Amino acid sequence: MGKCAENPMTVEDYNEAVNKHADGVFRFVLKNIRDEEKARDIVQDSFEKLWLHREQVSGEKVKAYLYSTAYHRLIDLIRKDSRLSIVEEVQSEEVHFEQYSDLHEILNKAILLLPDDQRSVLLLRDYEGYSYKEIAEITTLNESQVKVYIYRARVFLKNYIGKMDVLV
């Protein structure tokens with residue numbers, strides 16, 4: 001298969017990775033898809049892949065490996081699921097925005113409207129606290145692309161929420 005890592009992961013390293021990163025990976029995935037069952041499946045798949053490739057993953061690369069794996073599984077799932085269902089849901093709820101005074105709820109709706117790549121890098125940066133370099137490694141984008149996607153996502157959110165101010 002692949003080459004062995006300099007310091008291959010031990011069973012103890014794996015168990016520690018589960019304890020340290022399972023909740024964070026779950027939150028990241030759930031923020032993207034809003035389906036707890038699918039989010040759990042993606043987290044489970046990510047840890048299964050980590051276990052299967054433990055000889056190639058060193059202890060210091062575990063976190064990036066898990067988020068990268070979860071990110072790619074997430075993108076696959078999003079591509080498989082019909083985008084129309086999300087768009088239809090958001091469009092049907094736009095009529096009811098007058099009833100919302102919770103900015104957090106409006107922000108979450110706006111995040112769902114972002115293109116997949118923009119949503120993922122924004123969540124990795126603003127919700128999980130990753131650096132641009134780490135996000136680039138996780139998503140296989142270059143740092144410039146990451147910065148552009150985050151900038152565009154923030155501009156979209158600012159404009160979207162600005163429009164909602166008149167309704168709130």
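Predicted model: local features only at pLDDT ≥ 70, side-chain atom pairs only at ≥ 80, totals over all residues.
At what angle do α1 and α6 pack, and how far apart are their axes? The angle is about 140°, and the axes are 10 Å apart.

Roughly antiparallel would need an angle over 145 degrees. The crossing of α1 past α6 is right-handed. On the α1 side, the residues in the contact are Phe 28, Lys 31 and Asn 32. They meet Arg 119, Ser 120, Leu 123, Leu 124 and Tyr 127 of α6.

Now the chain overall. The protein chain has 8 helices and 0 strands, so read from the N terminus, the order of elements is α-α-α-α-α-α-α-α. Of its 168 residues, 39% are buried. Take the contacts between residues at least 6 apart in sequence: 69% of these join residues at least 24 apart.

Back to α6, which covers residues 116-127. Helix α6 also packs against α7, residues 132-139. Here too the angle is about 140° and the axes are 10 Å apart. So α6 is oblique to α7, and their crossing is right-handed. Val 121, Leu 124 and Arg 125 make the contact from α6. From α7 come Tyr 132, Ile 135, Ile 138 and Thr 139.

The charged end of Arg 125 sits over the ring of Tyr 132, at 4.1 Å from the ring centre.

One more residue in helix α6 is Gln 118. Is Gln 118 buried or exposed? Its relative accessibility is 12%, so Gln 118 counts as buried, the cut-off being under 20%. Leaving aside residues up to four places away in sequence, Gln 118 touches Tyr 149, Arg 152 and Ala 153.

Next, the aromatic rings. With ring centres required to lie within 6.5 Å, the count is 5 aromatic pairs. One of them is Tyr 14 with Trp 51: the ring centres are 5.0 Å apart and the planes stand at 70°, so this pair is edge-to-face. Tyr 14 belongs to helix α1, residues 11-33, and Trp 51 to helix α2, residues 36-52, so the pair ties together parts 37 residues apart in sequence. Tyr 14 is buried at 15% relative accessibility, while Trp 51 is partly exposed at 29%.

Then there is Phe 28 with Tyr 67. Their ring centres are 5.9 Å apart with the planes at 55°, so that pair is tilted. Phe 28 is in helix α1 and Tyr 67 in helix α3, residues 62-80, and the two are 39 residues apart. Phe 28 and Tyr 67 are both buried.

Which residues do ring pairs link into a cluster? They are Tyr 14, Phe 47 and Trp 51. Trp 51 has a charge over its ring as well: the charged end of Arg 54 sits there, 3.8 Å from the ring centre.

Trp 51 is in the ring cluster and lies under the charged end of Arg 54.

Technical notes:
Residues numbered from 1 in each chain as written. Heavy atoms only, no water. Phe/Tyr/Trp six-rings, centres within 6.5 Å; stacked < 30°, edge-to-face > 60°. Helix = DSSP H or I, 4+ residues; strand = E, 2+ residues; numbered from the N terminus. Buried < 20%, exposed > 50% of the residue type's maximum accessible area, 1.4 Å probe, protein only. Lys NZ or Arg CZ within 6 Å of the ring centre and 35° of its normal. Axes fitted to C-alpha atoms, helices over the stretch in contact; angles between N-to-C directions. Parallel < 35°, antiparallel > 145°, perpendicular 65-115°, else oblique. Left-handed = near helix turned anticlockwise from the far one by under 90°. Contact = heavy atoms within 4.5 Å.
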